[in-house]
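Thanks for coming. I will go through one model today, starting with the overall picture and then moving to individual residues.

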Amino acid sequence: MKLSFSPKLSTFLKPSSVTNLHRSFCSSSISSPPPTSLKPQTPLFLKPPVHSAAFSDLQKWHDWAKSLASSVGSTFVDLDNGPDSTLLCREIKWLMEDAIEEESEGMENNQRSIRLRVALEELYMLWKQRVEERRPFQYVVGCEHWRELVLCVQEGVLIPRPETELIVDLVGDVVLGNEGLREGLWADLGTGSGAIAIGIGRILGTGGRVIATDLSPAAIEVAGFNVQRYGLQDVVELRQGSWLEPLKDMEGKLAGLVSNPPYIPSDDISGLQAEVGRHEPKVALDGGINGMDDLLHICKGAASMLKPGGFFAFETNGEKQCKHLVEYMENDAGGNFCNLKIVPDFAGIHRFVTGFHK
Amino acid sequence: MALAQSGWKLSYSNSWVRVVGVSRRSSGAAAKPAIFQASCPPPSPAIAVKIRRKCFINWRWTQQPPQLLEDKKSDASFFIRCSKYGSSIGAASNTNSGKGYLASTDQELMSQCQMDTFKASGPGGQHRNKRESAVRLKHLPTGLTAQAVEDRSQHMNRASALARLRALIALKVRNTVDLDAYSPPQELLQILPPKSTIRGSDCGPQIGPNNPKFILGMQALLDLIFAVEGSVSEAAKFLGLSTGALSRLILSNDSLRLAVNELRFSKGMKPLK
């Protein structure tokens, strides 16, 4: 969705006094995010543009939003390695992309009405939540751009991380010369928004299938919405439940097992960047004392779930966990696995463990 | 360093390249990290990477993390990134590196790059929600950089940056051409208009300037034009085209036109318009 806003943004950069406007819009607004409901909320960019605002009013909002972002400076960075003003200003641009209907040329008239997907008052509320409550940008706009996809996300669902994008490439590599895997049954454990399941669902063969599991009903709903949006209802099946529990009927049949399970050590949760620690579901982040509870649990089950030659790829917290996992798979898992590899992410951090069932 | 004794030399303009994970197959020795102090000049327009060696060296790409991240001694220290894809470069003096890079897969090309804007501040992954989706790729063997900032997805920006890098490599990295025994490569024939007398009927339809495959042909075309020192009429003869037809082809792509005119300017020739 391209926004031809650039010529007018230069007018947005003129300072204007917006404090009065800000006060009158914000005093009566709801200031807390909507409660986690089971029904997936429509992301901003999919809402119909039934609202409108005068161009000059939108300009005032933009000025206010920018000055709020600029006032942050590097305070969040210093506090908890959060975003700085530059990043926040970039998010304002993206927020506008999602909230404003793409308009046509000829925008000189300041009185012209702009079509919005939310009321201008809500736009104030959304940005206020972003900065003052550190509500994640992705929850504010209701979506995350991940790989070539746009996935709906909301409170109660983990926001897919850029590191996890690589898992789809790892799967892509192994199915390339391997029809058994390409046309086989895969499982994405703890699917959250459905990111990995959808990502691999799009690259498997025509007979390839994915079962995505998650403990959280909210996640299952959101994942279902995303699966539908990408037309993968016949490829990706969602099953609610804990890890491999919903897959008991698939023992020995899986061609592949992938997961990005919670891997943060419990003690680290309180020190997390506020966007993460205060707003994303702890159940998707907390991996126990050394962060490895769920990883080990999945590894324990992997041997009986994968068919001979089956592939697995798990995301971890880093080098220590990767080494621990590999050691476990080599020694304790009954010698069922081979070709164990540790794969770094693009920052050079040892991020993934992959391997095959013998 | 042990490797220096093997008579192995890497000459790369005026700079050295820092290398991680090299093993010598001849001695059967296990992979030892070999580190050379690196300083890198600003990228120059045409760079040829020449690797000369006396004994065969099998480069093994390891999965060891680039510990060199901490080393701040060299100004522009870089390292050949780890890749899970085993790759061996048993290269002789390589004057066709430009073509080699473009023939690589995205993953291979990516593994030769350093992603500059990806700052690993902290553990990353689930710990972090800071979407710095802009990607800047520095192609280490050539020093060329390409970036993409438009998309909100890092993956998409990575793909765009890689595509731009390919175009840059085609424009800036030259392969040598033997004019005496010149036979235009297939990728060049494919971008020529059908009226070319050497094109042949089995070439398929003409690949236009917006097709990603145009880049390979563009590189080959520039190799030829550089070899004839910017003379479009000379190059046209090799391609079975009239001078006018070749001019039109060059003018059909802005970057190609700029590259050709830059060369012509340096030779005191008039630019194509």
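Some housekeeping. This is a predicted model, in which local features need pLDDT of at least 70 and side-chain atom pairs count only at pLDDT 80 or more, while totals for chains, interfaces and linings use all residues. Residues are numbered from 1 along each chain as its sequence is written, chains are lettered from A and ligands numbered from 1 in the order in which they are written, and side-chain values use heavy atoms, leaving out hydrogens and water.

Confidence next. pLDDT is the predictor's confidence in each residue, from 0 to 100. For chain A the average is 89, and 87% of the residues score at least 70. Over residues 1-31 of chain A, the pLDDT is below 50, and that stretch has 51 contacts in the model beyond near neighbours in sequence. A contact means heavy atoms within 4.5 Å.

Now burial. Buried means under 20% relative accessible area, exposed means over 50%, and partly exposed is in between, with a 1.4 Å probe and protein chains only. Of the 358 residues in chain A, 58% are buried. In chain B, 48% of the 273 residues count as buried.

Accessible areas come from the Shrake-Rupley method with a 1.4 Å probe, and for residues only the protein chains shown count as cover. The accessible surface is about 14500 Å² for chain A, with 52% belonging to carbon and sulfur atoms. For chain B the accessible surface is about 13400 Å², and carbon and sulfur atoms hold 54% of that.

On contact range, take pairs in chain A at least 6 apart in sequence: 72% of those contacts join residues at least 24 apart. In chain B, residues 24 or more positions apart account for 63% of the contacts with a separation of 6 or more.

There is one record to mention. An unreviewed UniProt entry carries the annotation "domain: Methyltransferase" over residues 188-318 of chain A. UniProt positions are given in the numbering used here, feature names are shortened, and annotations may be inferred rather than shown by experiment. In the model, the span 188-318 of chain A is 28% helix and 22% strand, and its end C-alpha atoms lie 20 Å apart.

Which strands pair with E8(A)? Two strands pair if DSSP finds at least two bridges between them. Strand E5 of chain A, residues 185-189, runs parallel to E8(A) and is joined to it by 4 bridges. Strand E9 of chain A, residues 306-315, also pairs with E8(A) in the parallel sense, over 5 bridges. E8(A) is largely enclosed by the rest of the structure, because 6 of its 6 residues are buried.

Gly241(A) is buried, at a relative accessible area of 15%. Leaving aside neighbours within four places in sequence, Gly241(A) is in contact with Thr213(A), Asp214(A), Leu215(A) and Pro246(A).

Elsewhere in chain A, Glu91(A) lies in helix H5, residues 85-99. Is Glu91(A) buried or exposed? Its relative accessibility is 6%, so Glu91(A) counts as buried. Not counting residues up to four places away in sequence, Glu91(A) touches Trp127(A), Arg130(A) and Phe137(A).

Ala333(A) is in the loop between helix H14 (319-331) and strand E10 (337-344) of chain A. Ala333(A) is buried too, with a relative accessible area of 11%.

Leu179(B) is in the loop between helix H4 (154-172) and helix H5 (186-189). At 27% relative accessibility, Leu179(B) counts as partly exposed. Beyond four places in sequence, Leu179(B) touches Leu224(B), Ala227(B), Val228(B) and Phe238(B).

Last, cysteines. A disulfide is a pair of cysteine sulfur atoms within 2.5 Å, and the count over all chains is 0. Cys143(A) is in no disulfide, and the nearest cysteine sulfur, that of Cys152(A), is 8.1 Å away. Cys143(A) is buried, with a relative accessible area of 1%.

Notes
Helices (H or I, at least four residues) and strands (E, at least two) are DSSP runs, numbered from the N terminus.
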